[in-house]
Amino acid sequence: MTDERLRLALQKSGRLADGTFDLLKKCGLSISRAKDNLYGRARELPIDILLVRDDDIPSLVDDGVCDIGIVGENVFEEHRLGRGREADDPAAATLVSRLGFARCRLMLAAPKSWASDDLGSYAAKRIATSYPALTQAFLNRAGVAASTAEMSGSVEIAPKLKIADAVCDIVSTGATLEAHGLKPTATVFDSEAILIKRPGALSPSNQSAFDSLMTRIDGVIASRNAKYVMLNAPREAVADIVGLLPGAEAPTVLELAGRDDVVAIHAVCVEEVFWSTLEELKRLGATAILVAPIEKMMP
Ligand code: PRT
Ligand code: ZN
């Protein structure tokens, strides 16, 4: 690691790692890893990579050991609240971009035997969680006086072991809670992978590497759901058809050789194009509908 290269902290392995490496690959970066698997290096931009446990990433960036990091927003917020920092504290790491993967929710969950799903039923109860600061802040906002028992993993077994009455844990599909006889009753925090940046200015060369990386990341995120839609439309239905294309700005309308009644419409749709939308387009008279993926976008 040198000062001339941007230092990026990433999860070594786990639920964030696949999405992170996939994102970097789509940004055109190939990462070579050192034998010890603690360091990596991007070939195409001056970026050094530190491979760590996700829990260490906020501190590494807060303390300036790394310039940027990719971590779950749940872990970042828990760290921030735990350190008693404000969201806009200029001396702490800041959220730069939401990355749209590793989506999950931190949820309060109670044994299915509890009669009520109301927040009030957690009053005076003991709640096992790996996120005591987020949980406590939520309970305070809701005016519920309950205590938390911090656990670093396997939170869902706490009620069975009588360590706690209920849990506050990360939920993705809900299968884990279900398998342990627990029901989710309230969302404490919505999370996804985020990119965070250390406090203070970067050196000019690191700033330039950071700007390149962010432009590429923004492009990958923008093109994720984006599709290039091409179709033929009856001339009189153009306005209705354009109105149906999700998130399409200023579509191109082209004349078709030898046809006065039909035109071609080409549009970039930045929101997901569902089958049901295609069916509606067809009902409005659209034909020869093509939906093509977009690999890269730069505004
Ligand atoms: O080893 P390291 O400390 O780096 O990793 P870790 O084991 O602490 O974290 P890891 O890799 O499990 O998760 C990293 C991040 O991924 C989390 O901080 C979240 O931001 C995000 N994420 C997304 C999840 C999940 N989905 C998820 N389903 N984190 C954890 N889970 C667990 C949850 O704790 C529960 O045990 O999966 C189980 C529930 O899943 P469902 O599908 O049954 O609801
Ligand atoms: Zn962890």
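1. Let's start with a strand pair: Thr94 sits opposite Lys197 in β12. Strand β12 (residues 193-197) runs antiparallel to β6, with four bridges between them. Pairing here takes at least two DSSP bridges between two strands, and helices (H or I, at least four residues) and strands (E, at least two) are DSSP runs numbered from the N terminus.

2. A word on the basis: this is a predicted model, with local features needing pLDDT of at least 70 and side-chain atom pairs counting only at pLDDT 80 or more, while totals for chains, interfaces and linings use all residues. Residues are numbered from 1 along each chain as its sequence is written, chains are lettered from A and ligands numbered from 1 in the order written, and side-chain values use heavy atoms, leaving out hydrogens and water.

3. The open, mixed sheet has seven strands, ordered β2-β3-β4-β1-β5-β12-β6. β2 (31-33) and β6 (94-98) are the edges, each with a single partner strand, so one side of each has no neighbour in the sheet.

4. Now the helices. α1 lies across β1 (6-11), β2, β4 (47-52) and β5 (68-72), at about 145° to β1. Helix α6 packs on the sheet too, touching β1, β4, β5, β6 and β12. Contact means heavy atoms within 4.5 Å; angles run from 0 to 180 degrees between N-to-C directions, with axes fitted to C-alpha atoms, for helices over the stretch in contact.

5. α1 (residues 17-26) and α6 (residues 204-224) pack at about 105°, axes 9 Å apart. That makes α1 roughly perpendicular to α6 (65 to 115 degrees). Leu23, Leu24 and Lys26 in α1 meet Leu213, Ile217, Val220 and Arg224 in α6.

Methods
Parallel < 35°, antiparallel > 145°, perpendicular 65-115°, else oblique.
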